[in-house]
Amino acid sequence: MPALKLCLLSSEIQPYAKTGGLADVAGALVKSVRALGHEVHAFMPLYAQVRAAHPELAPVLGLLNLPVGIGASEYRFSVRTASYPGTDAAVYFIDCPELYDRASLYTTDPDEHRRFLLFTRAALETCRRLDWSPDILHCNDWHTAFAPLYLKTVYAADPLLRRSRSVLTIHNIGYQGVMPRAAWGDLMIADGGVLDADDLSHGWINPLKTGIRHAHRVTTVSPTYAREIREGPLGMGMQATLQARGDEVVGILNGVDYREWDPRNDPHLSAHFGPEDLQGKRVNKQQLIAAVGLDSAVSRPLVGMITRLAEQKGIDLLIDALPALLSSRDLALVVLGSGDAPYTAFFAGLAARFPGRVAFRSGHDESLAHLIEAGSDMFLMPSRYEPCGLNQMYSLRYGTIPIVRRTGGLADSVRHFDPSTGHGTGCVFNDYDVPAVRWAVATTLDWYGDSAAWHKLMQNAMAQDFSWSKQILGYDALYRELAG
């Protein structure tokens, strides 16, 4: 089959910039699509942090100090480039210090919408100046969601872009980038009818809704999440817009990069292991207990969490569930995460209340995250909603049994274990309430007490394969369908 030309736009791409799963998925798409033989050009902003960390980025001759109008303002941008690590796929960085030299990737500044309008327009202009005609323009989340509209308006007659087909992937529909109606002039689009009339009448412009309406296809990062956001309150006001697209909204489950997340060769671990030899898991558990200062025997079940401390992640349920579980059952807990201050205070207080049995580390530590996955017996994800989730898939490969709520990608990747048949890979609960969390953790602890059942459960978990080499085939089929 002929190779395609893919242009991928993302506000963050691992390993250059990351605040969450979007960066992981964007980086994996670049590698995986290129591995299929397609030509890939990826674009992201050149944030100040990226410039400082990557002095090797080379300026692109002919793409220096170019003008782009955003409303009444004119900005200048240049383009730098590098090959994505381990591939020959090109990554292009839009360099506009006026907009991207900020203390963080994302801001609450009044010109936040302009930062990503310029990024989107500059990426399309770069394709034109490179004389490169993409078959597929794959944009991600609200930051680049105006790209499908630009293809239909500003670039409708452009000989290089008029045949391009657009895909918009929604990684988390809760973030929509809503901007005031006064920003209409910044879009540089002549016909106001191309935007949502209801939103405009209420005084705002919704980039994500605009992208949903105009992209040739809309994807989400799991099949269950695609259904949830069309049918219920998890659609965050986008239900009708998504339903109007019918079967043009599809869910494709994210994959895992097992070169980074596999206990047999994890570079962050000193003791490696696999399903045929689990001794290294016990060594990692001992190292984890020592690293976080727990006073716990290696035989005591250890529950791990690596999470953003936010309501979406179900932390509010744990405020009641965990103290009761720790008081009534023999378990230890290690938590790594950052986020909302009340939740940070809760876990700090829990560690003080149960010294030696609860450890809390605020922030992010990549090496510790790998050690938690390798050394924990169980991994707790009681999310209110979870578009995909990656940690439950990491946990399966490490034989760390996921305890998850049946939502989004958690429902698509973990099957509830039945000790009587030996089938299943984790503990899955349905209701979003405290009793359900307590039941799920207690049930998993009971399984842990049955060594034969637990060994079977670990073997089932470690046999799962969510590699990108499998998951990318869904995107490949979608791209080929659109490209005809």
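Which residues in α11 meet which residues in α12? Let's start there, with one reminder for anyone new to this structure: what you see on the screen is a predicted model.

On the α11 side, the residues are I315, D316, L318, I319, L322, P323, L326 and S327, and they meet Y343, F346, F347, L350 and R353 in α12. Sorted by class, that contact has ten nonpolar residues, one polar and two charged. Now look at how the two helices lie. Helix α12 covers residues 341-353, and its axis and the axis of α11 come within 10 Å and cross at roughly 5°. Angles under 35 degrees count as roughly parallel, and α11 and α12 are therefore roughly parallel to each other. As a general point, two packed helices are described by the angle between their axes and the distance between the axes.

Keep that pair in mind as we turn to another one, α16 with α17. How do their axes cross, and within what distance do they come? The axes of α16 and α17 come within 6 Å, with a crossing angle of roughly 110°. Since 65 to 115 degrees is the range for roughly perpendicular, that is the description for α16 and α17. The meeting residues are T444, W447 and Y448 in α16, and S451, W454 and L457 in α17. By class, this contact divides into four nonpolar residues, two polar and no charged.

Let me stay with α16 for a moment. This helix runs over residues 434-448, so to speak of its length: it has 15 residues and reaches 21 Å from its first C-alpha to its last, close to the 21 Å expected at 1.5 Å a residue. At its start, a side-chain oxygen of D433 reaches to within 2.9 Å of the backbone nitrogen of A436. Which residues of α16 are buried? They are V434, A436, V437, A440, V441, A442, T443, T444, L445 and W447.

Next, a few single residues. Please find N140 in strand β7, residues 136-140. Is N140 buried or exposed? N140 has a relative accessible area of 1%, and anything under 20% counts as buried, so N140 is buried. Its side chain makes a polar contact with the side chain of H171, at 2.8 Å. Leaving aside residues up to four places away in sequence, N140 touches L8, L9, S10, L22, L168, T169 and H171.

D141 is not a glycine, yet its phi is positive, about 60°. D141 is buried as well, with a relative accessible area of 8%.

N65 also has a positive phi, near 55°, and N65 too is a residue other than glycine. You will find N65 in the loop between β3 (58-59) and β4 (66-70). With a relative accessible area of 48%, N65 is partly exposed.

While we are looking at the backbone, what kind of peptide bond joins Q14 and P15? That bond is cis, with omega about 15°. P15 itself lies in the loop between β1 (5-9) and α1 (21-35).

Now over to T224, in helix α8, residues 223-231. T224 counts as buried at 8% relative accessibility. The side chain of T224 makes a polar contact with the side chain of D412, at 2.6 Å. Beyond residues up to four places away in sequence, T224 touches T407, G408, A411 and D412.

Last stop: F273, in the loop between β12 (249-251) and α10 (279-292). At 3% relative accessibility, F273 counts as buried. Not counting residues up to four places away in sequence, F273 touches P263, R264, L278, G280, K281, N284, A374, Y398 and M462. How far apart are F273 and S201? They are 72 residues apart in sequence and 59 Å apart in space, C-alpha to C-alpha.

Conventions. Residues numbered from 1 in each chain as written. Predicted model: local features only at pLDDT ≥ 70, side-chain atom pairs only at ≥ 80, totals over all residues. Heavy atoms only, no water. Helix = DSSP H or I, 4+ residues; strand = E, 2+ residues; numbered from the N terminus. Expected span 1.5 Å × (residues − 1). Buried < 20%, exposed > 50% of the residue type's maximum accessible area, 1.4 Å probe, protein only. Polar contact = N/O pair within 3.5 Å; in protein donor to acceptor, adjacent residues only side chain to side chain. Axes fitted to C-alpha atoms, helices over the stretch in contact; angles between N-to-C directions. Parallel < 35°, antiparallel > 145°, perpendicular 65-115°, else oblique. Contact = heavy atoms within 4.5 Å. Nonpolar A, V, L, I, M, F, W, Y, C, P; charged D, E, K, R; others polar.
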